[in-house]
Each structure stands twice: as structure tokens, then as C-alpha cells.
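Q: I have a protein model open and I am new to this. Please show me how to read its features, one at a time.

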Amino acid sequence: MEKTVKDAPTLTFNEKMLANYVPIFVMLPLGVVTIDNALEDKDTLVKQLKELKKAGVDGVMVDVWWGIIESKGPKQYDWSAYRSMFQAVQECGLKLQAIMSFHQCGGNVGDIVTIPIPQWVLDIGESNPDIFYTNLKGNRNREYLTLGVDNLPLFNGRTAVEIYSDYLKSFRENMSDFLESGLIIDIEVGLGPAGELRYPSYPETQGWAFPGIGEFQCYDKYLKAEFKEAAAIAGHPEWDLPDNAGEYNDTPESTEFFKSNGTYLTEKGKFFLTWYSYKLLSHGDQILDEANKVFLGCKLKLAAKVSGIHWWYETDNHAAELTAGYYNLKDRDGYRPIARMLSRHHAILNFTCLEMKNSEQSADAKSAPQELVQQVLSGGWRENIEVAGENALARYDSAAYDQILLNARPNGINKDGQPKLRMYGVTYLRLVDELLQETNFDIFKTFVKKMHADQDYCQDSEKYNHRLGPLERSKPKFSTEDLLDATKPVEPFPWDKETDMSVTGGGGGLLSYLISKIFSLFK
């Protein structure tokens with residue numbers, strides 16, 4: 001025994017520091033493959049990819065749009081433009097995170113191009129608009145299919161889940177060389193609008209504006225019928241879906257449902273919110289189970305994205321989270337059940353709004369992005385899963401980078417090896433000309449170095465304890481009791497006040513943020 005200890009290699013300072021390394025990815029432009037399924041400007045893309053590589057970036061993330069790939073008709077897939085793009089990424093020596101984007105591009109914050117879901121699906125929606133999420137007034141949302149049709153064969157004999165599964169199988173078959181070469185290290189499975197596991201409760205296309213509470217989206221005929229059935233089984237056939245939760249841009253207190261001592265606290269309200277959030281959880285669970293079967297044995301990880309709904313977080317009712325399907329209150333954790341569900345699929349929880357500070361938000365939004373991030377990441381870590389994240393809005397200032405760095409390693413660097421808390425990776429949104437502008441790119445390069453714990457780019461992920469073994473089969477399904485058990489609130493892990501790896505080397509963050517704000521006013 002003593003001999004083994006004596007012979008164990010002594011790690012150098014840099015090797016110990018490498019255990020703090022958090023890989024950084026950059027999201028490619030939304031329209032990098034055009035709606036006509038063409039990689040139009042490969043030369044510019046390659047030039048930009050080389051710049052990222054030179055800056056020490058580990059890889060890129062890209063949306064693989066259902067509306068582009070299967071646009072010609074059911075099961076008529078065309079992967080050629082994406083193959084060309086993946087080849088370019090591989091040749092530049094970068095890794096790839098691929099998002100299976102089953103939603104429309106356009107209508108969400110930051111969407112600058114429009115890519116609808118396939119026309120043949122929209123055509124089915126013309127004669128049966130209930131395949132889309134619907135609000136109380138009957139407005140349909142064509143961004144993503146309602147989870148009410150997950151298991152209904154309404155699409156030329158296929159269910160929505162079968163459509164998603166067939167698409168994933170085709171991706172695996174057509175990208176097998178890239179999967180085998182280790183280019184693709186994770187598959188993020190789109191589970192809702194903007195690729196996030198949520199209901200489309202705050203659509204700008206229907207007039208929502210920040211910080212509106214949003215609206216419940218379960219009034220298509222399929223979800224209505226499911227709710228009535230669930231209420232009847234629970235002994236309350238007289239219960240209906242809420243009709244008193246207000247409109248998109250209301251404040252919580254102006255509604256009967258969310259006001260102090262409102263419907264959300266009654267037996268009927270709790271039953272609805274449990275049903276609404278559990279339907280979303282089951283939707284994610286079923287599709288990830290399909291994804292796990294498809295990519296079984298591949299050396300990659302699955303991931304799912306959860307939205308950072310930080311407005312009204314400081315109120316008792318958490319209204320904006322509730323309408324999105326996150327049943328999160330002071331005495332009920334709405335995120336740990338999602339983390340628990342993801343744990344059975346060996347999946348990463350990808351969260352957003354990593355760059356935001358409470359002090360940057362308007363007071364009337366009762367917003368608390370810092371506590372929200374702390375809660376969600378802590379819940380993931382308590383469920384023993386990996387957590388990753390991204391910024392919600394484009395930022396080029398050191399204050400934003402420092403906040404991301406703090407969230408990436410909430411208790412800072414451990415000079416003796418791996419820190420207790422460390423995010424699995426961060427994806428920066430997004431690759432645009434403004435990022436590559438000299439001043440912005442210089443700060444970004446420093447940010448990359450700090451994410452890497454002041455170490456050089458590391459090709460071998462095992463050196464920072466990221467082992468990509470073959471994907472194992474999902475574990476058995478959790479019982480409802482197991483998932484409800486995860487709603488018990490647990491104190492989040494403590495966070496340091498600020499990062500010990502500041503982009504500015506201390507101070508200057510707020511100043512640079514204010515300068516960038518002023519600069520943006522004159523654009």
C-alpha cells in the first residue's frame with residue numbers, strides 16, 4: 001500500500017489548476033444554414049471559427065433545425081448543408097454541441113431570422129389547429145407542437161414523439177462519422193419553444209412584453225380533455241382549467257389567480273399547477289428516453305435546456321415561472337424534480353441567464369436572476385448531475401463575464417485540484433461581428449482564459465475530469481412520489497460574493513458595463 005502512495009505521480013501546479021478548467025463554447029449564428037438548406041458563406045464561417053480556435057475556445061454549439069432538415073415532407077431528410085458545416089468545425093479543431101431544434105426560430109428574444117417548423121406540419125395545423133399550444137382566448141402558437149399530441153398519431157400516422165425519434169435516428173445514421181470521430185460531444189434535445197423545456201407562456205408574437213406574467217398554454221382540446229380526466233379521477237369532475245389568471249402583460253396582484261391568497265394557494269389551484277408542471281416533466285422524460293435509445297453507446301452526453309425566468313421571482317407567487325410550467329414557490333422547488341428526471345437519462349441540465357445581476361434589473365420586475373441561478377444549479381448538483389449554462393442576452397463587458405465566471409465556479413478556484421462546485425461547461429451567445437470587433441474580442445479572450453483557470457486550451461478533456469464514455473441506457477422511470485419528493489426546498493449551496501478569476505483582475509466590471517450601456521445607446 002505504501003509503495004503505491006509513494007509511486008503515485010505528484011501533480012504539478014498547472015495540472016492541479018487544470019482540474020478547475022471549465023470549457024467554453026460559442027453559439028453559431030441562427031441562420032448559419034439558411035432556410036433553403038444551404039451553407040451560404042462557408043469561407044466567412046471558417047475564418048470566424050479559426051478566430052475562435054485561436055482565442056482558445058473549446059467548441060461551438062449549433063441549432064439543427066427540424067424546419068430545414070425535414071422541410072420537403074415526412075421522413076424526407078436532407079443533412080447535406082449541416083454535414084458541410086460539421087466538416088468545417090472539425091477541420092478547425094473545435095468540438096461540437098448539436099441542438100435538435102424542434103421549434104420555430106423567430107418570435108423569441110434575440111431571434112433575427114425566421115425558420116418555421118416544417119410546412120407539412122403547419123398544413124396539418126390548418127385543419128386541426130389544436131396541435132398547437134393555445135391560451136385561454138384561443139390564440140394558437142405555431143412555434144412548437146403542444147405536448148398534448150405527443151402520443152397521438154395525427155401526423156400521417158405518426159405521433160409527435162415518433163417524429164422526434166425518427167429525426168434523431170436519421171441524425172445518428174447520417175452523422176455517424178462525426179459521432180465516431182468524437183467531434184459531437186453533446187446532443188441537446190429541444191423540448192419546447194426556444195428549445196427549452198417549458199410552455200410558450202411569454203410569446204412576443206402575441207404581444208407579451210417584459211415583465212408580463214405570461215399566460216397558461218393548455219387550452220388546446222387535447223390538454224383540456226386530459227385535465228378534465230385527471231380532475232375526475234381526483235374526485236373533482238367540476239374543476240376546469242383556470243379562467244382568472246389574467247393576460248400576458250398583467251402583474252400578479254392584478255389577477256385572481258396569482259394575487260395574495262389567490263387561487264394558486266387553493267386545493268383546486270395546487271391541483272392544476274401540479275398537473276400542468278407534471279405534464280411538462282413527463283414530456284421531457286419521454287423524449288429524452290427516446291433520445292437515449294437512439295444515441296445509446298455513442299461517446300456523448302444528452303442535455304436539456306431550462307429557461308431562466310427571473311422576473312417575479314421575488315414575489316410569493318412566482319407567476320411568470322408558474323405560467324411557463326415551473327411550479328416553483330418559496331416552499332416548493334420547481335427545478336429539482338427536472339434535475340431528478342434528467343439524472344435517469346445521464347443528461348446535463350443547461351440553464352440560462354448566467355450573466356445577469358439583480359442590480360441590473362428594473363425594480364418593478366421583482367427579478368432575482370442571481371438567486372434563481374443559485375437555486376437551479378444547486379438543485380442539479382444535489383441530484384448528482386452535470387450542469388451547464390449560457391448567457392441570455394448579448395453582453396461584451398467584463399461585469400457580465402465576471403458574473404458568468406462566478407456561476408461557473410461559485411466558490412472559486414481550488415489550487416489543490418477540482419473545486420467542489422464547477423459547471424460542466426458554458427456556451428456564450430453568440431458568434432456575431434460585434435463579438436469579433438477588436439476591443440470586445442480582447443475582453444472575450446481574457447474571459448476564455450479565466451474560464452480555463454488561467455491555463456492554456458486543453459484538447460484532452462480527461463485532464464480536467466470530463467470523461468466521455470459510451471452513453472448508458474436510461475435508468476428506470478421515477479415514480480410520481482420520487483419526483484414530488486424532489487420538490488422539498490433545500491438550501492442552495494453558498495456562493496462567493498465575486499469571482500476570484502475576474503476578467504479585469506479586480507474592479508472595473510461595473511464601469512465597463514456602464515460604458516458598454518452608454519455605447520449601445522449611440523449605435
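A: Start with the words. Helices (H or I, at least four residues) and strands (E, at least two) are DSSP runs, numbered from the N terminus. This protein has 18 helices and 10 strands. The model is predicted: local features need pLDDT of at least 70, side-chain atom pairs count only at pLDDT 80 or more, and totals for chains, interfaces and linings use all residues. Residues are numbered from 1 along each chain as its sequence is written, and side-chain values use heavy atoms, with hydrogens and water left out.

Q: What radius of gyration does the protein have, and what would a compact globule have?
A: The radius of gyration is taken over C-alpha atoms; the globule rule is 2.2 Å times the number of residues to the power 0.38. With 523 residues, that rule gives a radius near 24 Å, and the protein has 23 Å, which agrees. The C-alpha trace spans about 70 × 65 × 50 Å along its principal axes.

Q: How many residues, in percent, count as buried?
A: Buried means under 20% relative accessible area, exposed over 50%, and partly exposed in between (1.4 Å probe, protein chains only). Here 58% of the 523 residues count as buried.

Q: Is arginine 395 buried or exposed?
A: Arginine 395 has 12% relative accessibility, so it counts as buried. It lies in the loop between strand S9 (387-390) and helix H14 (398-408).

Q: How do I read a pair of packed helices?
A: Two packed helices are described by the angle between their axes and the distance between the axes. Axes are lines fitted to C-alpha atoms, for helices over the stretch in contact, and angles run from 0 to 180 degrees between N-to-C directions. Angles under 35 degrees count as roughly parallel, over 145 as roughly antiparallel, 65 to 115 as roughly perpendicular and the rest as oblique. Take helix H3 (residues 42-54) and helix H5 (residues 80-91): their axes are 10 Å apart, at an angle of about 30°. That makes H3 roughly parallel to H5.

Q: Which residues of H3 and H5 meet?
A: Contact means heavy atoms within 4.5 Å. Lys42, Leu45, Val46 and Leu49 of H3 meet Ser84, Met85, Ala88 and Val89 of H5.

Q: At what angle do the axes of H9 and H10 cross?
A: Helix H9 (residues 221-233) and helix H10 (residues 267-294) cross at roughly 130°, and their axes come within 11 Å. H9 is therefore oblique to H10. From H9, the contact uses Leu223, Glu226, Phe227, Ala230 and Ala231; from H10, it uses Phe271, Phe272, Trp275 and Lys279.

Q: What should I look for in the backbone?
A: Most residues other than glycine have a negative phi, and most peptide bonds are trans. The bond from phenylalanine 210 to proline 211 is cis, with omega near 0°. Proline 211 sits in the loop between strand S6 (184-189) and H9. Another cis bond joins leucine 429 and arginine 430, with omega about -10°.

Q: Where is asparagine 261 found?
A: Asparagine 261 is in the loop between H9 and H10. Its phi is near 55°, a positive value in a residue other than glycine. Asparagine 261 counts as exposed, because its relative accessibility is 69%.

Q: Where is asparagine 156 found?
A: Asparagine 156 is in the loop between strand S5 (140-145) and helix H7 (160-174). Its phi is also positive, near 55°. At 60% relative accessibility, asparagine 156 counts as exposed.
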